[in-house]
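Please look at the chain shown below before reading on. The questions after it go from the whole chain to single residues.

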Amino acid sequence: MPRTPRKAKGDTGEGPAGKRRSRRLLEEIARQELTALESPELENNEGAEDALPTVLPLLPIRDQVYFPHMIFPLLVGREKSVRALEEATAGNRYILLVAQKNLQAEDPEPEDIYSIGIIAEIMQVLRVPDGTVRVMLEGLERCEILHYLQTEPYFRVAVRILRTEEKKDLLIEALMRSVVAQFEQVVNASKNIQPEALINVVNTDDPGRLADVITPYLRQMRVDAQQEILETLDVKERLHRLSLVLKKEAEILDIQKSIRSRVEKEMGETQKEFLLREQLKIIQQELGERDERSSEIEEYRARIAAAGMPEAAAERANRELDRLEKMPFATPEGVVIRNYLDWLVSLPWSAATPDDIDLEKAAAMLDADHYGLEKTKERILEFLAVRRLTGTTRGPILCFVGPPGVGKTSIGRSIAAALNRKFIRVSLGGVRDEAEIRGHRRTYIGAMPGRIIQGIKQAGARNPVFMLDEIDKLGMDFRGDPSSALLEALDPEQNREFSDHYLEVPFDLSDVMFVTTANLLDPIPPALRDRMEVIPFTGYTEEDKLAIACRFLVPKQRRDHGLSEQHLNITDEALRHLIRQYTREAGVRNLEREIAAICRKIARQVVAGETGTVTVDAEDLPVFLGQPRYRYGLVEERDEIAAATGLVYTEAGGDIVTIEVSLLRGHEGRVQLTGHLGDVMKESAQTALSFIRSRAATLGVDEEFHRHLDVHVHVPAGSVPKDGPSAGITIAAAIASALTRRPVRKDVAMTGEITLRGRVLPVGGVREKVLAAHRAGIRTVLIPADNEKDLEELPDYVRRDLCFRLVQHMDEVLEIALLPSESAGALAISGPHRSERL
């Protein structure tokens with residue numbers, strides 16, 4: 001008689017005492033079961049079946065179907081089930097066992113329970129300390145639930161006995177022999193069924209009982225399939241269905257055996273996961289189904305074919321895909337290959353946006369977005385015209401060089417809009433790793449392509465306008481030189497086959513329009529500078545800033561702060577004072593910030609309920625912004641001795657600086673230079689001092705002053721690095737003023753390089769320097785005669801306001817810049833007894 005002992009789901013681990021009790025319990029159950037098997041009462045229970053009750057307590061069973069003629073243990077833990085068991089034990093010891101339709105239902109309702117089950121007799125009940133009940137049962141007959149009499153505190157139902165009696169005939173005999181033979185085949189092929197089960201089956205002569213005996217041994221059957229056999233009352237149909245189940249099980253076992261033999265030839269015992277997946281794959285092939293892995297591979301193949309890759313890239317992608325197909329699913333190398341393939345198929349190998357070069361439209365767009373910058377706009381339009389005529393994208397790489405805030409980045413956006421191209425901006429400031437440009441090799445964890453390939457993917461087109469911002473801020477360390485990595489990308493002759501370390505296949509960058517920006521040209525390596533065409537961006541004049549503020553900045557900030565002209569009006573005079581006294585820059589960023597600060601204060605007043613239009617005039621600025629930060633007008637309030645005003649060019653545009661000189665008692669004639677000066681500027685100071693020494697007699701100075709005086713030259717703003725030769729004549733003028741005691745004119749500023757012979761050589765950045773002098777209120781500017789051509793770039797009103805003196809020699813500079821001595825005649829400083837600190 002078959003038994004299907006099982007461990008209940010709620011059973012948990014116990015301590016040593018609990019394990020001993022469990023062993024004793026199992027031994028007692030086994031003795032009782034053996035006694036029951038030997039009891040003569042079980043040999044003929046026909047009378048008992050006639051006396052079976054028709055009203056029974058119901059015990060729902062999860063994940064198992066029990067059949068008649070079975071003796072089996074059961075663990076009961078649910079409260080309602082325990083009550084039903086107690087009721088049956090206190091009565092006639094009969095209980096109805098029915099499987100649940102919903103296996104997950106903890107407290108099933110009648111609709112969650114099948115209608116056909118078995119009547120079982122309670123043979124032994126044992127309560128366990130954890131509150132559950134272990135019971136030994138014997139299945140008797142099938143029965144059908146007619147209706148539920150109660151559902152609380154336990155199920156109680158009315159049932160009808162379903163007896164299945166069938167006389168043997170040739171068909172039944174044939175079905176029985178077939179079922180027994182098939183079961184024997186399953187037992188021989190399966191490792192889960194003990195051989196003793198076959199003896200029990202062979203000794204069963206009743207056709208209905210034969211199906212009930214075999215079915216519990218098929219542990220792989222689902223609950224609904226077992227329930228279907230239980231509900232089949234016709235013996236022939238029951239044997240036929242069981243035969244189909246046994247045939248399918250035998251075929252599956254044969255396929256498993258074939259799978260093991262095929263896979264074990266190729267794989268070792270150490271690759272168990274791969275073995276299991278291969279088994280699953282072959283099973284799905286036999287069933288004609290597709291697995292997720294095959295779908296993934298097919299999807300990659302379709303995406304590779306649709307990506308429009310060059311032949312070399314497609315060949316590399318298919319080769320990596322073949323490697324992925326042969327790998328186990330969850331290997332780390334598989335993840336790396338998937339990421340690589342995702343990058344390859346997502347790049348726009350052939351996708352491009354059509355160019356729409358309309359010069360009138362481009363000019364209108366540039367004028368609408370940017371005020372001034374006429375020469376810059378003209379050069380950009382020329383560049384676009386050449387591209388339209390040639391029909392090719394090859395050409396020079398544009399490099400916009402100028403101070404911050406003058407519109408270099410925004411004009412790149414305008415170019416992209418004029419060409420109907422996508423715009424991508426990558427900031428290179430602080431980049432020190434070559435892999436940031438060319439990507440990391442795939443051997444590294446977290447490797448990815450460089451910023452150029454990432455930008456191309458982001459654009460979704462192979463021909464965007466690609467802006468490399470702050471190219472002069474590139475660094476270099478032990479990880480490589482990013483500027484060298486850019487050489488290939490920015491060379492029109494080489495970037496057709498740009499090689500990224502991650503992709504390892506060439507990508508065509510020849511259709512990309514590269515635009516770079518920089519504040520200074522000097523930090524850019526010569527090899528990289530040679531590949532670019534420099535377009536200078538000069539600083540805005542005061543009139544330019546006033547026009548930009550009126551047309552763009554004030555309306556923009558009003559709109560951003562939820563204001564209108566009815567709330568705020570800023571007069572032109574207020575904007576002019578704002579430019580002069582609250583900002584000092586080449587661009588307009590700080591000017592926009594100050595306007596935003598005024599708008600915030602007005603917005604607060606509007607929210608507080610104050611109505612009416614607020615007109616901000618020049619005298620109202622301290623109320624909104626505090627006291628002025630800069631003094632507009634003369635640089636110095638009076639003419640100073642040993643202090644000369646020079647003009648410098650920085651990243652922020654032009655500026656003025658006062659160079660100071662002090663003469664100190666000394667014995668070695670030492671020269672001290674302070675103010676964070678560079679080597680070139682230090683050499684200019686030495687040259688200036690040597691020239692003054694050579695002109696000592698002409699200036700009326702003791703020719704031996706260097707033997708008892710030390711010279712200290714200081715350039716203020718010591719935290720800011722300074723370099724370049726253009727301060728040479730300013731240093732010479734300050735030293736000459738200190739030695740001769742002749743003041744330097746407060747309204748004169750100068751720039752120029754000095755030689756030992758006193759010649760004044762040309763310098764750069766004249767336009768920005770002159771604009772800075774004009775902003776500061778200077779009236780006379782000394783520039784080298786060779787820089788006369790640069791004056792043509794100045795606005796007309798600047799040329800009208802300033803007096804330009806073109807000088808060729810240092811003697812001319814001293815004659816213009818130095819006033820007569822404060823005392824009668826030139827004051828000569830001689831002898832070790834005299835020392836002046838000026």
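**Questions on the fold**

Among contacts in the protein chain (heavy atoms within 4.5 Å) between residues at least 6 apart in sequence, 74% join residues at least 24 apart. This is a predicted model, in which local features need pLDDT of at least 70 and side-chain atom pairs count only at pLDDT 80 or more, while totals for chains, interfaces and linings use all residues. Residues are numbered from 1 along each chain as its sequence is written, and side-chain values use heavy atoms, with hydrogens and water left out.

Q: How many helices and strands does the protein chain have?
A: Helices (H or I, at least four residues) and strands (E, at least two) are DSSP runs, numbered from the N terminus. Counted in this way, the protein chain has 30 helices and 24 strands.

Q: What share of the residues in the protein chain is buried?
A: Buried means under 20% relative accessible area, exposed over 50%, and partly exposed in between, with a 1.4 Å probe and protein chains only. The protein chain has 838 residues, and the buried share is 49%.

Q: Is Gln 557 buried or exposed?
A: Gln 557 is part of helix H20, residues 542-560. Apart from residues up to four places away in sequence, Gln 557 touches Glu 592, Ile 595, Ala 596 and Cys 599. Its relative accessible area is 6%, so Gln 557 is buried.

Q: How are H20 and H22 oriented to each other?
A: Axes are lines fitted to C-alpha atoms, for helices over the stretch in contact, and angles run from 0 to 180 degrees between N-to-C directions. The axes of H20 and helix H22 (residues 589-607) come within 10 Å and cross at roughly 45°. Angles under 35 degrees count as roughly parallel, over 145 as roughly antiparallel, 65 to 115 as roughly perpendicular and the rest as oblique. H20 and H22 are therefore oblique.

Q: Which classes of residue make up the contact of H20 with H22?
A: On the H20 side, the residues include Ala 549, Leu 553 and Gln 557, and on the H22 side they include Leu 591 and Ile 595. Ala, Val, Leu, Ile, Met, Phe, Trp, Tyr, Cys and Pro count as nonpolar, Asp, Glu, Lys and Arg as charged, and the others, Gly among them, as polar. By class, the contact has seven nonpolar, one polar and four charged residues.

Q: What is the handedness of the crossing of H24 and H27?
A: The axes of helix H24 (residues 679-694) and helix H27 (residues 728-740) come within 8 Å and cross at roughly 45°. A crossing is left-handed if the near helix is turned anticlockwise from the far one by less than a right angle, and right-handed if clockwise. The crossing of H24 and H27 is right-handed.

Q: How many charged residues are in the contact of H24 with H27?
A: Among the residues that make the contact are Ala 685 and Leu 689 of H24 and Ile 731 and Ile 735 of H27. The contact has nine nonpolar and two polar residues, and the number of charged residues is none.

Q: How many salt bridges are there?
A: A salt bridge is a side-chain nitrogen of Lys or Arg within 4 Å of a carboxyl oxygen of Asp or Glu. One of them joins Glu 106 and Arg 62, at 3.0 Å from N to O. By this rule the count is 46.

Q: How many residues apart in helix H11 are Glu 315 and Arg 319?
A: The two side chains form a salt bridge, with the closest N and O atoms 3.9 Å apart. Glu 315 is partly exposed at 48% relative accessibility, and Arg 319 is partly exposed at 43%. Both lie in helix H11 (residues 311-326), and their separation, about one turn of the helix, is four residues.

Q: Is Arg 442 buried or exposed?
A: Arg 442 forms a salt bridge with Glu 504, the closest N and O atoms being 3.5 Å apart. The two residues are 62 apart in the chain, and both belong to a network of salt bridges that also includes Arg 316 and Glu 320. Glu 504 is partly exposed at 35%. The relative accessibility of Arg 442 is 15%, so Arg 442 counts as buried.
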